[in-house]
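The sequence and structure come first.

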Amino acid sequence: MADKIYKAPTTIDEMINKPIESGYLLAFCESQYSSENMRYVIEIDRYIDYFLLDKANWDKQIPYRQIDINIGLDSFHDVTIIPRKGEDLKIGGEQEWPSSVVSRQSVVDHIIKIWNNFISSDASTQICIPSKVLVNTINRLAHLHLYGKDVFNETLIDPIKTLTNDVLPRFLHSE
């Protein structure tokens, strides 16, 4: 039987989902002082994985853009104060939590950790996301029971663009 030929990953998705490659990419990012986006994407991936414990309730979820339309996200008023600490976020869904397997409190704790490490203006590894996306995310957190694993989807757009268009090409051309 012929030996399998190794095909190096060429996309950010391939890089993040292969442990060895993602380790090399993360080390490269750290050497270039640009690891916050990579670390953020990995942390959100961990957050999403937690919901896999209860596929019955979370896999049939409505896409987050449709939920935005259903609840009138565009009609929300802008948030005037952006919480500096994750503990100050108004996270909803206490009564309507759809899962008995995925603990709401564990999800909230993970959200607070993500906020404090990556999104807060005081975060040590703050990522850059547009203010409108930040406001949308705060509004989505108020309806966590509807968004679940997708609450941070929009915040991934800019970090993934940066990784795809800037970091990955430099990494692939490095030694």
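D166 and R170 form a salt bridge, with their closest N and O atoms 3.1 Å apart; the term covers a side-chain nitrogen of Lys or Arg within 4 Å of a carboxyl oxygen of Asp or Glu. Because the two residues are four apart in helix α9, about one helical turn separates D166 from R170. Helices here are DSSP runs of H or I with at least four residues, strands are runs of E with at least two, and numbering starts at the N terminus. D166 is partly exposed at 36% relative accessibility, and R170 is partly exposed at 30%. Buried means under 20% relative accessible area, exposed over 50%, and partly exposed in between, using a 1.4 Å probe and protein chains only.

This is a predicted model, in which local features need pLDDT of at least 70 and side-chain atom pairs count only at pLDDT 80 or more, while totals for chains, interfaces and linings use all residues. Residues are numbered from 1 along each chain as its sequence is written, and side-chain values use heavy atoms, with hydrogens and water left out.

## Other salt bridges

The whole structure holds 10 salt bridges. One of them pairs R65 with E154, the closest N and O atoms being 3.7 Å apart. This pair links distant parts of the chain, since R65 sits in helix α5 and E154 in the loop between α8 and α9, 89 residues apart. R65 is partly exposed at 42% relative accessibility, whereas E154 is buried at 9%.

Another salt bridge joins R84 to D122, with 2.8 Å between the closest N and O atoms. R84 belongs to the loop between α5 and α6 and D122 to the loop between α6 and α7, so the pair ties together parts 38 residues apart in sequence. D122 has a relative accessible area of 47% and is partly exposed.

## Helix α9

The 16 residues of α9 should span 22 Å at 1.5 Å a residue, and the distance of 21 Å between its end C-alpha atoms agrees. The expected span is 1.5 Å times one less than the number of residues. A kink of about 35 degrees is centred on L163, the bend being the angle between axes fitted to the seven residues ending at a residue and the seven starting there.

L163 is also among the buried residues of α9, together with P159, V167, L168 and F171. The cover over these buried residues includes α1, α2 and α3.

## Nonpolar core

The largest nonpolar core has 43 residues, of which Y40, Y47, I111, I119, L144 and F152 touch the most other members. Such a core is a set of buried Ala, Val, Leu, Ile, Met, Phe, Trp, Tyr and Cys residues joined through side-chain atoms within 4.5 Å. Helix α6 (104-119) is among the helices that supply at least two residues of this core, and α6 gives the most, with eight.

Leaving aside residues up to four places away in sequence, L144 touches Y47, I91, G92, W97, V107, V108, I111 and V151; contact means heavy atoms within 4.5 Å.

## E43 and the cysteines

E43 lies in helix α3 (residues 36-50) and is buried, with a relative accessible area of 6%. Beyond residues up to four places away in sequence, E43 touches H110, K113, I114 and F118.

The whole structure has zero disulfides, a disulfide being a pair of cysteine sulfur atoms within 2.5 Å. C29 is buried at 0% relative accessibility, while C128 is exposed at 66%.
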